[in-house]
Amino acid sequence: MGPFGLGRFSWVIGERRSHDTCCEALSCLKPSKFVVSSLRPLYLAPLDGLHAAEQKPRRQLLEFKCAASAADDKESKTEVVPVRSEAAQKLKISIYFATWWALNVIFNIYNKKVLNAFPYPWLTSTLSLACGSAMMLVSWATRLVEAPKTDLNFWKVLFPVAVAHTIGHVAATVSMSKVAVSFTHIIKSAEPAFSVLVSRFLLGETFPVPVYLSLLPIIGGCALAAVTELNFNMVGFMGAMISNLAFVFRNIFSKRGMKGKSVSGMNYYACLSIMSLVILTPFAIAMEGPQMWAAGWQKALAEVGPNVVWWVAAQSVFYHLYNQVSYMSLDEISPLTFSIGNTMKRISVIVSSIIIFHTPVRPVNALGAAIAILGTFLYSQAKQ
């Protein structure tokens, strides 16, 4: 026998002994069908047949199943996360809407109280913008809110938006100084009609037929409410109409000029307030002036007392807060949802003001208001 044969014989004997030792070790185990292997990933190896040819397919099969299970887990997690985020987003929008409506109602109540005791709408409008501007400047200075990164071009584009915003703000305040809050908001519900007419005849935009049809109840309802208003005032009516037109142009300028601008809703409105304050202040001084303000303030203190100070502060703060929240919510929702929310806001303001100020309302007047509000809702649906 050559050296190669002897080596082969030794190797066979060693393999035989190794096999016998393995069998003896396995025979010591208690009878069972499977034994757990420590290889990774874990798999079950049957006792009857420890051949490599049989183990490999089983191991690959089990590895495939484990991978599939991990993939399933991953997919299930991927499906759960959007559901949670969607629920959180809905909750966030609901909070925005509730806060927006509540702040708007509070502002309108205190604004009307101030105007009843101190009928100077130009100064009242200026104080509202000044308070909001001061609040945001302090927030930027203290790093409570990150200051926006703006340039000269941003302020140039913002200027026409601020002009329209200033006119709309002052006109609405003048209207509420002359008529009931509910009547001002009934007329302001006609804003969609102004939006369609301006877009159609000045910008050349076209709309579907249902949009034009939805304007009929808006216009008809506002006309019915105006004709049957017990305390109708032409200055108050025209103020609300001018406010509608100004806010339509504000929205148009804002959409056209602010495309691609990376300024959040909160900071955008803050910049808008600052520029509107700069525009409005000289006009307020020219229209009313310090002498009229001083005489009116003394009269208000004598008739109402120190409460008028709280009313002025409250209406100024709440004006900024409700506008700020509305711009923040516009960042989170579609224009259609915002329009519906704005319609519901007007309903809450009209109802609450009638209750708080005991505004006399005739059934026909209430019907006109309901028709106008319904038309606004139909408009938002038709424009979808």
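Colleague: Which residues does His 165 touch, not counting residues up to four places away in sequence?
Modeller: This is a predicted model, in which local features need pLDDT of at least 70 and side-chain atom pairs count only at pLDDT 80 or more, while totals for chains, interfaces and linings use all residues. Residues are numbered from 1 along each chain as its sequence is written, and side-chain values use heavy atoms, leaving out hydrogens and water. With contact taken as heavy atoms within 4.5 Å, His 165 touches Leu 129, Phe 247, Arg 250, Tyr 269, Leu 272, Ser 276 and Tyr 319.

Colleague: Is His 165 buried or exposed?
Modeller: His 165 lies in helix α4, residues 152-178, where helices are DSSP runs of H or I with at least four residues, numbered from the N terminus. Buried means under 20% relative accessible area, exposed over 50% and partly exposed in between, using a 1.4 Å probe and protein chains only. Because its relative accessibility is 1%, His 165 counts as buried.

Colleague: Which side chain makes a polar contact with the side chain of His 165?
Modeller: A polar contact is a pair of N or O atoms within 3.5 Å; within protein, one must be able to donate a hydrogen and the other to accept it, and residues adjacent in sequence count only if both atoms are side-chain atoms. At 3.1 Å, the partner of His 165 is the side chain of Arg 250.

Colleague: What is the relative accessible area of Phe 232?
Modeller: Phe 232 is found in the loop between α7 (209-227) and α8. Phe 232 counts as partly exposed because its relative accessible area is 35%.

Terms used:
Helix = DSSP H or I, 4+ residues; strand = E, 2+ residues; numbered from the N terminus.
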